[in-house]
Amino acid sequence: MRKRRTEAGRGFPRRGRTPAHAAVALCAAVALGAAAALPARAAPPYAADDGSPDAYAFARDARTVDGARGTTDAVRLDAGHVYRSALPPGAKRYYRLDLDASANAYVSATAVPRAGARVSSSDGLKVSVQDADGTTCSSGTSHFGPTQSPHPIAAWASRETGPGTYGCKGAGAYYAVVERRDLTAALPVDWDLELDYVSEPAPRRAGATTPPRTWNSGSPEPVLGQAAHRAGGAGFATASAVGQGVWQDGIKPGQTLFYKVPVDWGQQLSATVEMGSFAGGDGYVGTALAMSLYNPVRGYVDDADAGYSGAQTSASLEPLPPVDYANRRAVGQRAGGMRFAGWYYLAVHLGAPVAERFGDGPFGLTLRVRVGGTPVPGPVYAGRSVPRDLFEVTATDREEAAAGAETAAGGGKHSGGSSPHAATRVGGGAAGGTRTMRMVAVGGIGTGSALVLWLGVWTLAARRRSRRRWAG
């Protein structure tokens, strides 16, 4: 980010200043302060190396680290922070985690192919957590899928210590292993990585060791009503907050839009994405539109996709269980991923091949989101998550979703600094912070106007006194 440098007193003479000059300087200072207090229009958050306006938006305060080729030189990651790294073709990189014996640790890696990359449906990313003896605690894999279009994908892994888990429970050094799995070695282009590492405390009391056996698995009714425009974000850090409702935007081939939805304990999320009809082009793209769901630790949960022929098309997530702590004991990632309350992320991607048959767009996009069920009390944790309050939905979160507030610094909740997870916490929330800044700006502008008026009165009076003196 470029820093603006200012010089005190620029534009004013350094010597021989009159009271009028001082008043002008004071007014200018107040006006500049008021302008600075105005909520600045967010600069484009895109930070990818290729500079494309459709590039992935990395967290602005992400720390850049080099992944090690082996465990000996692995750099340590700290919970509650986001990191940026890189992954060459066919590479495997190691990062160290220093864990205690009680907390659960979750590591997610988001792969972002650089400009010029080509991918196949089987290309993807694998993330594992291993202990010091080489035992794999857990692993997860994500693929680019049938769109065969380069776009951000995320995979996750964890070290868990609760009942029903075996091994990997002791305190010590653990390692997050990020592995690139691609067959398209003809174009050796690096992938950028965004690493997110969070910690979940153990509950005060041991809960159920089996997932809920019954839940409403019927397809929910679609959300109807007038759609509101909501521009999607370009990454997890800039995902646009939405609640239950109908939201519209435009999407271009090769672009991925990110949205986040607050889902509390006991609530059930459903989502449908629709692509509007187009009167030009011809042919058919087998898998053109893809929507992926990620949980509050950026863990992959499920996806849905649809083809496109120029006629309107849609894709819906299969019914998901209500958010429950015990879902972590379920078999399969769809149920197992619905284990936390907090922000859930929807990543909508339009495949690059769509441009070959239907042009560069943008194409109309409609997102229908439903959050059903009444919130229920969640587990009572023995400590605090890192980042803080990650696994709960607050009144500020609900307000942000209801207003569709877009945060310039990111989405989620980190404990400190300017990380994307802090955006909904610092200053009473993104929306609250904006309102505060507006009040400051209005106050500053009002003060400046009063001073300008005072300056005019003072100048007129001074001139009259001067005329009387010279006349006398």
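Which two residues form a disulfide, and how far apart are their sulfur atoms? Cys-137 and Cys-168 do, with the sulfur atoms 2.2 Å apart. Keep in mind as you explore that this is a predicted model.

## The disulfide

A disulfide is a covalent bond between the sulfur atoms of two cysteines. The count here comes to one disulfide. The link of Cys-137 and Cys-168 is left-handed, with -90° about the S-S bond. Cys-137 sits in strand β7 (residues 136-143), while Cys-168 belongs to the loop between β8 (153-159) and β9 (172-181), so the pair ties together parts that are 31 residues apart in sequence.

Are the two partners buried or exposed? Cys-137 has 23% relative accessibility and counts as partly exposed. Cys-168 has a relative accessible area of 9%, which is under the 20% limit, so Cys-168 is buried.

Leaving aside residues up to four places away in sequence, Leu-346 touches, among others, Leu-257, Phe-258, Tyr-259, Met-291, Leu-293, Leu-317 and Val-369.

## Enclosed spaces

Rolling a probe the size of a water molecule over the atoms shows where empty space is left. Over the whole structure, such a search finds two cavities of 30 Å³ or more. The largest cavity holds about 60 Å³ of space.

Which residues line the largest cavity? They are His-151, Pro-152, Ile-153, Thr-256, Ala-290, Ser-292, Tyr-294, Ala-347, Val-348 and His-349. Strands β16 (285-294) and β19 (342-350) each supply at least two residues of this lining. By type, the lining of the largest cavity has six nonpolar residues, four polar and no charged.

Two or more lining residues come from each of β7, β8 and α2 (333-336).

Strand β7, which also carries Cys-137, gives the largest share of this pocket's lining, with seven residues. The lining of the second largest pocket divides into nine nonpolar, 14 polar and five charged residues.

## Backbone details worth a look

Most residues other than glycine have a negative phi, and most peptide bonds are trans. Here are some places that depart from that pattern. The peptide bond from Gly-361 to Pro-362 is cis, with omega near 10°, and Pro-362 is placed in the loop between α3 and β20. Val-386 and Pro-387 are also joined by a cis peptide bond, with omega about 5°. Pro-387 is in the loop between β20 and α4 (395-403).

That loop between β20 and α4 also holds Asp-389, whose phi is positive, near 60°. Asp-389 counts as partly exposed, at 25% relative accessibility. Arg-298 has a positive phi as well, near 60°, and is found in the loop between β16 and β17. Arg-298 is buried, with a relative accessible area of 1%.

Key:
Residues are numbered from 1 along each chain as its sequence is written. This is a predicted model: local features need pLDDT of at least 70, side-chain atom pairs count only at pLDDT 80 or more; totals for chains, interfaces and linings use all residues. Side-chain values use heavy atoms; hydrogens and water are left out. A disulfide is a pair of cysteine sulfur atoms within 2.5 Å. Helices (H or I, at least four residues) and strands (E, at least two) are DSSP runs, numbered from the N terminus. Buried means under 20% relative accessible area, exposed over 50%, partly exposed in between (1.4 Å probe, protein chains only). On a 1 Å grid over the protein atoms alone, a cavity is a set of points where a 1.4 Å probe fits but cannot get out, and a pocket is an open set with protein on both sides within 12 Å along at least five of seven lines; lining residues have an atom within 4 Å of a point. Grid points are joined across faces, edges and corners, and a volume is the space filled by probe spheres set on the points. Ala, Val, Leu, Ile, Met, Phe, Trp, Tyr, Cys and Pro count as nonpolar, Asp, Glu, Lys and Arg as charged, and the others, Gly among them, as polar. Contact means heavy atoms within 4.5 Å.
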